[in-house]
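Subject: Structure for your review

Dear colleague,

I am handing over the structure we spoke about, together with notes on what turned up when I went through it. Please read the notes with the coordinates open beside them.

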Amino acid sequence: MGAFCLAYKMKDIDYIVVGLGLAGMAFSEQLSTNGKSFVVFQGNKPSASRVSGGVYNPVILKRYTLPYKAEEQLDLTHTYYNGLAEKLGSEMVRPLEVLRLFSSHEDQNNWFDGLSKAGLSRFLSPSLRKEGIYGVKAPFHLGEVKETGQVFVAELLDAYANLLKENDKLITENFDHKSVKFDEKWVIYGNYRAKNIVFAEGFGIKENPFFSALPLVGNKGEYLFIKSADLNLKSALKGPFFIIPLKNGTYKVGATFNWKDKDTMPTQAASEDIVEKLKQMLSCDFEVVDQEAGVRPTTGDRRPLLGRHPHFPQLALLNGLGTRGIMAAPYLAELLYEHLETGKSLPEEVHLMRFPKKFKK
């Protein structure tokens, strides 16, 4: 009788998604769009997505190069986030100009050299912005990056979580990896029997026994929130750090990179570093009003981690989005979905099996 009741309560679904950051949301949208049944587990562990600056920008402005599949990612980024905003009835996505604050004539020259690189001419303006911005030190002028924008990530994730909750697809509890069981082609967790579990846990992968051996090293990033009565910046400004305008008249400044710390506690050292460099960018007074930190899911080769587990094919991974999760998430989620559903091969440079020795039995 007990076995019969257990079977009766078991719910068959297509997917369990673990994690509701940018990656988990993007994969959930793939499932929703394609009519798949699923639930999402959202625990109480901090997500680096919520600490993101929210700016999507197709150019690595330190070296004037394009990140992995930048054009493909950006083309999908516009469609994906505008679609989400319409679906949620929100104003959590907006175009936002990104300006590069040049530090020297050499920096200017590197910008113009970048215009000759494949793909970059689409995104770098050939003309310098010479008109000043009050409160900003710009002796070497500014360069405009095209096709950029801003996502209010925390608000978007909250709105999406509410939508999942309304449709009985959200489970707000920590996922217990030790409770995962396997039954032929199915994977069982609690009262759910699913075809696949997709883990999109970010740096939480370190607590996932199925994938914890993968070389996701993570790096800590910290931001300051500032206010200034004299600064009226309407664009995101990239110098030593980004200065990003927010909705409420404050600015978000950062982020730092720390490869040693793996916690989410703000530090005085990071605050002092940001303030020091901020003074190099601004000629006006400002007040620090808050600080936050998160651990980005980064890999040593700066490539994401996608694919099925070689020994437990019902388990899959979507991770390693690094510092560019806003652009990368919808593109990588689509790659993984097609791989899981149709068997389409993943590019070798993002496939988790580029590290085969990490999956020894």
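Is Phe 242 buried or exposed? The model is a predicted one, and in it Phe 242 has a relative accessibility of 16%, so this residue counts as buried, the cut-off for that class being under 20%. Phe 242 sits in strand β15, which covers residues 242-245, and, once neighbours within four places in sequence are set aside, the residues in contact with Phe 242 include Asn 57, Leu 61, Val 98, Lys 252, Val 253 and Gly 254.

For the chain as a whole, I found seven helices and 19 strands. The radius of gyration is 22 Å, which agrees with the value near 21 Å that a compact globule of 361 residues would have, and the C-alpha atoms fill a box of roughly 80 × 40 × 40 Å along the principal axes. Buried residues make up 50% of the 361 residues, while the chain exposes about 17,200 Å², of which carbon and sulfur atoms supply 49%. Among contacts with a separation of 6 or more, 75% are between residues 24 or more positions apart. As for charge, there are 46 positive and 42 negative charges, and their mean positions are 5 Å apart.

- Gln 108 lies in helix α4, residues 105-114, and is buried with a relative accessible area of 10%. A polar atom of the Gln 108 side chain lies 2.5 Å from the backbone oxygen of Phe 140; leaving aside neighbours within four places in sequence, Gln 108 is in contact with Phe 102, Leu 128, Phe 140 and His 141.
- Gly 307 has its place in strand β18 and counts as buried at 0% relative accessibility. Beyond its neighbours within four places in sequence, the contacts of Gly 307 include Leu 315, Ala 316, Leu 336, His 339 and Leu 352, whereas the C-alpha atoms of Gly 307 and Gly 221, 86 residues apart along the chain, are separated by 27 Å.

Finally, some backbone geometry deserves a look. Most residues other than glycine have a negative phi, and most peptide bonds are trans. Against that background, the peptide bond from Gly 254 to Ala 255 is cis, with omega near 5°, and Ala 255 lies in the loop between β16 and α6. Glu 147, in the loop between β7 and β8, has a positive phi of about 60°, and this residue is partly exposed, with a relative accessible area of 29%. Asp 168, in the loop between α5 and β9, likewise has a positive phi, near 55°, and is exposed, with a relative accessible area of 63%.

Terms used
Residues are numbered from 1 along each chain as its sequence is written. This is a predicted model: local features need pLDDT of at least 70, side-chain atom pairs count only at pLDDT 80 or more; totals for chains, interfaces and linings use all residues. Side-chain values use heavy atoms; hydrogens and water are left out. Helices (H or I, at least four residues) and strands (E, at least two) are DSSP runs, numbered from the N terminus. The radius of gyration is taken over C-alpha atoms; the globule rule is 2.2 Å times the number of residues to the power 0.38. Buried means under 20% relative accessible area, exposed over 50%, partly exposed in between (1.4 Å probe, protein chains only). Contact means heavy atoms within 4.5 Å. Accessible areas come from the Shrake-Rupley method with a 1.4 Å probe; for residues, only the protein chains shown count as cover. Lys and Arg count as positive and Asp and Glu as negative; His and the chain ends are not counted. The place of a charge is taken as NZ of Lys, CZ of Arg, CG of Asp or CD of Glu. A polar contact is a pair of N or O atoms within 3.5 Å; within protein, one must be able to donate a hydrogen and the other to accept it, and residues adjacent in sequence count only if both atoms are side-chain atoms.
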